[in-house]
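Hi everyone, thanks for making time this morning.

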Amino acid sequence: MSFKENFLWGGAIAANQVEGAWDVDGKGLSVADVASYKPKVDVKDYSAHHTITTAIIEKAKSDKTTEYYPKRRGIDFYHRYEEDIELFAEMGFRTLRLSIAWTRLFPTGEEEKPNQLGIDYYKKVFEQLKKYKIEPIVTLSHYEMPLELSDKYNGWVDRKLVELFVKFSEVCFKEFGEYVKYWLTFNEVDSVGRHPFTTAGIVEDKCEGYSYEEAIYQALHHQYVAAAIATKKCHELIPGSQMGCMLTKLTTYPNTCNPEDVLLSLNSNLDNHSHADIQVLGEYPPLYKKYLEIKGIELKKEPNDDKLLKENTADYLAFSYYMSRTESADTSKERAAGNTVMGVKNPYLPSTDWGWQIDPIGLKISLLELYDRYRVPLIIVENGMGAKDELTEDKKVHDDYRISYLKQHIQQMKEAVELGVDLFGYTSWAPIDLVSASTSQISKRYGYIYVDQDDLGNGTQERYKKDSFYWYKKVIETNGEELG
Ligand code: BG6
């Protein structure tokens with residue numbers, strides 16, 4: 001058998017993309033609640049989709065409807081979690097990766113005491129998972145920090161956020177520690193650089209006395225420190241707990257063997273890995289420090305910060321993998337989309353409906369590379385394909401393209417495990433259709449379970465099993481031996 005006997009098969013979701021109920025039971029506004037629907041995604045310009053200004057935020061705050069803010073309604077997991085978890089159990093899930101919305105516990109982020117209704121809700125969710133012996137993996141921060149902290153402090157630029165996040169984390173450890181062994185601090189921490197508002201609450205027009213770029217690196221530093229302190233607290237408060245860090249694995253190839261292309265791709269990979277280096281190896285890589293120096297960016301650090309990073313490294317490395325990309329010195333080459341990044345089109349690879357290039361071997365390469373570099377247990381906490389699905393009249397979805405994508409990726413994963421990579425789980429993104437992080441579309445469907453809802457919120461919200469539902473059930477049943 002290739003995969004460990006207790007391999008964690010399952011799926012991954014995030015509170016802001018599924019729960020809805022944005023103003024229910026005392027929940028405060030999060031950065032996700034002001035993310036608007038972007039129907040016409042121009043894959044040639046991602047930055048346009050991630051630029052947010054104070055004016056955009058104010059407009060969103062004054063609009064109390066959900067129509068153009070789909071994350072406010074999600075797929076109503078808040079009220080339908082029992083049924084959804086039952087469906088995950090039917091597929092045989094051994095784990096579910098989910099996040100806790102910070103704003104359900106601390107609506108503005110600064111309350112003295114947590115909101116009891118928020119705590120009660122997550123306890124019910126964890127009870128339901130326990131009923132089906134589904135091990136939760138909990139992300140503490142998945143693109144859903146309190147909006148108030150962005151408004152007041154320009155997000156993670158301010159050191160105050162470290163204290164507030166640690167307070168939130170401690171409440172989670174104390175309240176949910178009896179249910180949760182596996183934790184993750186920040187979803188794709190490296191994404192602060194790609195979408196500073198979504199990941200760290202930074203608004204460019206609020207950067208006064210410092211540049212946007214300085215804000216990004218300072219916020220990253222604060223998140224690393226907060227992650228280190230949270231790791232320490234987690235170990236103290238929950239015996240046997242495991243705290244991971246998470247990386248968007250953006251595997252980059254040289255577009256040709258031109259040394260200039262090779263150098264560009266090396267730089268991209270070094271940049272990507274630096275975020276895991278800091279959290280797994282516990283120190284800033286020398287090249288990262290030099291880069292900051294060249295850019296004239298001086299991080300504001302407290303005397304104990306480096307020690308904290310060194311002494312509280314992650315127990316495991318979690319990562320998402322959707323696609324690979326290439327770099328080329330030739331700027332005239334056709335570009336291709338990816339997960340909030342662009343690259344140069346790889347002529348050897350097909351693409352999804354959203355233009356992300358499908359590269360199963362890239363997953364094997366990523367696993368080998370990460371295991372060789374870090375030598376800690378790995379888990380793939382996101383992998384999947386956003387596609388346009390069609391619900392037939394008899395309520396079926398024949399998603400052979402999704403099965404093919406997942407099958408090929410699991411096959412590569414298997415080969416990496418056979419070569420000695422210590423991989424302990426796989427949670428595909430996402431087990432059920434949900435609202436897209438980047439475009440707020442639900443028509444970009446990822447699930448094994450179809451949700452009858454369109455981008456504007458029309459539909460019954462009924463759940464239907466796609467063909468991939470039965471396929472994944474079989475994969476889990478056979479511990480990855482039968483891929484179909
Ligand atoms: C990951 C995020 O990077 O990509 C998820 O952690 C997100 O939140 C996923 O949903 C897929 O991206 P998108 O934009 O298609 O939803």
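**The ligand and the cavities**

Let me start with the shell around the ligand, which by class has six nonpolar, six polar and three charged residues. Please keep in mind that this is a predicted model.

How many residues surround the ligand, and which are the closest? There are 15 of them, and the closest are Glu-188, Ala-437, Ser-438, Lys-444 and Tyr-446.

Now for the oxygen atoms of the ligand. With Ser-438, an N or O atom of the side chain sits 2.5 Å from a ligand oxygen. For the side chain of Lys-444, the distance from an N or O atom to an oxygen of the ligand is 2.7 Å.

Let's move on to the empty spaces. Rolling a probe the size of a water molecule over the atoms shows where such space is left. In this structure, we find six cavities of 30 Å³ or more.

The largest cavity holds about 90 Å³ of space. It is lined by 13 residues, and those closest to its centre are Tyr-224, Ala-227, Ala-228, Gln-279 and Asn-312. If you'd like to find this cavity on the screen, look for helix H10 (212–237), strand E5 (242–248) and helix H11 (259–281), the elements that give two or more residues to its lining. H10 supplies the largest share of that lining, with four residues.

What about charge in there? The lining of the largest cavity has seven nonpolar and six polar residues, and no charged ones.

The second largest cavity has a volume of about 70 Å³. Its lining is made of 14 residues, and nearest the centre lie Ala-15, Asn-16, Lys-27, Asp-33 and Lys-71. Two elements give two or more residues to this lining, helix H1 (15–18) and helix H5 (102–105).

Here the class count reads four nonpolar, four polar and six charged residues.

Note on methods:
Residues are numbered from 1 along each chain as its sequence is written. This is a predicted model: local features need pLDDT of at least 70, side-chain atom pairs count only at pLDDT 80 or more; totals for chains, interfaces and linings use all residues. Side-chain values use heavy atoms; hydrogens and water are left out. On a 1 Å grid over the protein atoms alone, a cavity is a set of points where a 1.4 Å probe fits but cannot get out, and a pocket is an open set with protein on both sides within 12 Å along at least five of seven lines; lining residues have an atom within 4 Å of a point. Grid points are joined across faces, edges and corners, and a volume is the space filled by probe spheres set on the points. Ala, Val, Leu, Ile, Met, Phe, Trp, Tyr, Cys and Pro count as nonpolar, Asp, Glu, Lys and Arg as charged, and the others, Gly among them, as polar. A residue is near a molecule or strand if one of its heavy atoms lies within 4 Å of it. A polar contact is a pair of N or O atoms within 3.5 Å; within protein, one must be able to donate a hydrogen and the other to accept it, and residues adjacent in sequence count only if both atoms are side-chain atoms.
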